[in-house]
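Subject: Model for you to look at

Hello,

Here is the structure I said I would pass on. Please open it alongside the notes below.

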Amino acid sequence: MSMSEASTQALVAATTRRDAGIVPSAAATAPVTRAMFDELMLPIYAPAPFVPVRGEGSRVWDQDGKMYIDFAAGVAVTSLGHCHPALVRALTEQAHTLWHVSNWFTNEPALRLARRLVEHTFAERVFFCNSGAEANEAALKLARRYAHDRFGPRKFRVISTLNSFHGRTLFTVTAGGQAKYASGFGPNPEGITHIAYNDVAALEAQFAQAGDAICAVLLEPMQGEGGMTPGTPAFLQAARRLCTAHGALLVLDEIQSGMGRTGALFSYMQKGIVPDILTSAKGLAGGFPIGALLTTADVASVFGVGVHGTTFGGNPLACAVAGAAFDVINTTEVLDGVKARHALFIEGLKAIDARRDVFADIRGEGVWIGCELAAAWKGKAMDVVRAAGDAGLMLLVAGPDVVRIAPSLVISLDEILEGLGRLEKALDQALR
Ligand code: PLP
């Protein structure tokens, strides 16, 4: 063996050892601060002044050891709170078993999760991806391909709604109904029309004018980011009826509304409509990144091998955690518990409003509640969220005028009461 062959073999042997490189680097242990965000990261977020380091249930601690009650759950993501034991167990067991295989193979956690979703929803076929935007991107592509293959290339129009939010890919920001997210990136995808949410007449007019050209109606059952506006039964049912009559697909974006948030596994189950395509993400794995598209066998059949895909979709870690989250959430106990918590939140928020007169409206479903600020405080929702941070409460906005509450589905009674107390302090501080 030559010297160079020997040193090559020695190097391969050294880097094959499973403890190679196990000593943490200085970068892994050096202290970090909030200020580093502005130096190191793309300036697309404006994070709070504190850095969360640890969470348990609906409590989170920052670098200084200050405790926050979590009324945000990410943005409606950590649906079983932080570090739920069933999710930690599923993740660690899977972490010791198999992390990743490509989609040239399937894997057991993905198949088990798909079976659960098919058994408990309208769906017959499932596609896994990594985020909400990616699930909606797939839904729009699938709807276009279905219409193309079944009806021809002229049936490509998508009807969406003003103020909706569907993600940040170029197709999904264009489908979303908030121009500020879609402008400056053009040329944008064509063929998307926005109508006012809940405007049945506008929806009927679109189909009357160009029903043959419409391939899909894309809707959130309740607009979350756009201001916590519930879809009216008349609007959601009209969308279903018109899609069926014109061979268009009803795509329900349940990325925020799904996985128990409204007190049902998916919100459509409470609305008397069944979609052709449903997208899920956020709470699906309780904080581990995953997205999913659910559909019928008929719609799925227009996609063949290689037509769509993603490297990480169906990742065993994500699917194992989602499977565990599904088993906890899809129980009468947890779903009825969401409805009970809704009543407690509404009662507490009404009591705050009776004392302070700060809300024009309190609305929502399950543990997904919007408090619209009274006219005198319009535009101040973000100030309330900042003050909430000071008061030890993680909170969300839904546009400039609505304070949004989207905690864990299993937040405790004590945490609800303590959080509402902190919210009242924040309102006091911000609205003066
Ligand atoms: N659709 C809805 C209804 C959402 O609320 C969101 C995120 O807020 C998305 C899609 C996008 O999901 P993601 O950020 O995982 O891409």
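Below is what I found, taken by topic.

First, a caution: this is a predicted model.

The core. The largest nonpolar core has 120 residues. Within it, A143, L249, V321 and L395 touch the most other members. Helix 13 (residues 316–329) gives the most to this core, with 10 residues. Both domains take part: at least three residues come from each of domain 1 (52–83 + 332–430) and domain 2 (85–329). Take A143 as an example. Leaving aside neighbours within four places in sequence, A143 is in contact with C215, A216, L249, V251 and I277.

Helix 11. Just after helix 11, G247 takes a positive phi of about 65°.

Y68. This residue sits in strand 3 (residues 67–70). Is Y68 buried or exposed? It is buried, because 24 other C-beta atoms lie within 10 Å and the cut-off is 20 or more. Not counting residues up to four places away in sequence, Y68 touches V60, G392, L393 and M394. G291 is another matter: Y68 and G291 are 28 Å apart, C-alpha to C-alpha, and 223 residues apart in sequence.

Best wishes

How values were computed: Residues numbered from 1 in each chain as written. Predicted model: local features only at pLDDT ≥ 70, side-chain atom pairs only at ≥ 80, totals over all residues. Helix = DSSP H or I, 4+ residues; strand = E, 2+ residues; numbered from the N terminus. Buried ≥ 20, exposed ≤ 12 C-beta atoms within 10 Å, placed from the backbone. Contact = placed C-beta atoms within 7 Å. Core = buried A, V, L, I, M, F, W, Y, C linked by C-beta atoms within 7 Å. Domains from an automatic or database assignment.
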